[in-house]
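Please look at the sequence and the structure shown below before reading on. The paragraphs that follow begin with a single residue and then widen to the chain that surrounds it.

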Amino acid sequence: MRNTQPLFRSAPVAAVAAALACGLAAGPAAAGPGISVSTSGKTVSVTTSACTLVDGSWGTASLLTSSQTSFTQGRQVALTGTTVSQSAAWQSVNPGTYTVIVVCANNITAGSQSVIVSGSSTPTISATAKPAPSRGVMGGVGGGTKDYGPLTFAVGGSLVALAMIATGWVLRRRSKPYRL
């Protein structure tokens with residue numbers, strides 16, 4: 001007769017599941033929409049989905065240098081976009097570290113983020129010795145990349161079925177020790 005205590009065995013699992021559920025539920029609610037800043041050469045762009053249209057304006061984005069401290073001191077650009085996404089961009093930005101701040105038309109700050117602009121205005125393209133692989137990376141496949149025909153799969157499937165039948169037969173024979 002077994003003397004198990006299923007409540008005590010499942011309590012740690014239930015506690016971990018509850019903690020994960022609370023953590024996942026609290027994570028997205030605590031995180032705001034924020035902003036996303038990117039650079040391409042001497043162009044800095046910002047994207048957000050936090051602003052709403054107020055009197056025909058989405059808001060303003062400002063690009064501040066490291067010596068500037070307030071929103072009004074930076075290079076300001078009006079946000080453009082739709083209800084799904086609003087964006088702004090600055091052209092001919094000199095190399096350096098900048099801070100991008102987005103203030104919506106309802107005077108709510110959508111977010112701020114630092115960005116580093118490099119001196120390269122055009123991307124450099126370098127030639128490679130080998131051509132790029134045509135099917136991407138096949139990591140972890142270990143020889144399974146060769147395409148076998150239907151005959152190979154049929155033989156493999158029949159071997160698996162034969163092994164399952166043999167295992168069932170052996171287990172049935174073991175359950176009756178006095179049978180010959």
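**From one residue to the whole chain**

T48 is buried, with a relative accessible area of 3%; buried means under 20% relative accessible area, exposed over 50%, and partly exposed in between, with a 1.4 Å probe and protein chains only. This is a predicted model, in which local features need pLDDT of at least 70 and side-chain atom pairs count only at pLDDT 80 or more, whereas totals for chains, interfaces and linings use all residues. Residues are numbered from 1 along each chain as its sequence is written, and side-chain values use heavy atoms, with hydrogens and water left out.

T48 belongs to strand β2, which covers residues 43-48. Helices (H or I, at least four residues) and strands (E, at least two) are DSSP runs, numbered from the N terminus. Which residues does T48 touch, not counting those up to four places away in sequence? They are G34, I35, V84, S85, Q86, V102 and A110, where contact means heavy atoms within 4.5 Å.

Strands β1 and β2 pair in the antiparallel sense over six bridges; two strands pair if DSSP finds at least two bridges between them. This pairing is part of an open sheet of four strands, in the order β1-β2-β6-β5, with antiparallel pairing. Its edge strands are β1 and β5 (80-81), each of which pairs on one side only.

Strand β7 has partners of its own. It runs antiparallel to β3, to which seven bridges join it, and here C104 of β7 has G59 opposite. With β8, strand β7 pairs in the antiparallel sense over eight bridges, and V102 stands opposite G111 in β8. The strands β7 and β8 form a hairpin with four residues between them, and N107 in the turn has a positive phi of about 60 degrees.

The largest nonpolar core holds 19 residues, of which V44, V46, W90, V100 and V102 touch the most other members. A nonpolar core is a set of buried Ala, Val, Leu, Ile, Met, Phe, Trp, Tyr and Cys residues joined through side-chain atoms within 4.5 Å. The elements that give two or more residues to this core are β1 (35-40), β2, β3 (59-65), β6 (86-90), β7 (96-104) and β8 (109-117). Among these, β7 gives the most, with four residues. Leaving aside neighbours within four places in sequence, the contacts of V100 include V37, V44, V46, L63, W90 and V115.

A covalent link is also present. A search of the whole structure finds one disulfide, defined as a pair of cysteine sulfur atoms within 2.5 Å. It joins C51 to C104, with an S to S distance of 2.1 Å. Because C51 lies in the loop between β2 and β3 and C104 in strand β7, the pair ties together parts that are 53 residues apart in sequence. The torsion about the S-S bond of C51 and C104 is about -75 degrees, so the disulfide is left-handed. Both cysteines, C51 and C104, are buried.

Finally, consider the chain as a whole. It has two helices and eight strands, which follow the pattern α-β-β-β-β-β-β-β-β-α along the sequence. Of its 180 residues, 16% count as buried.
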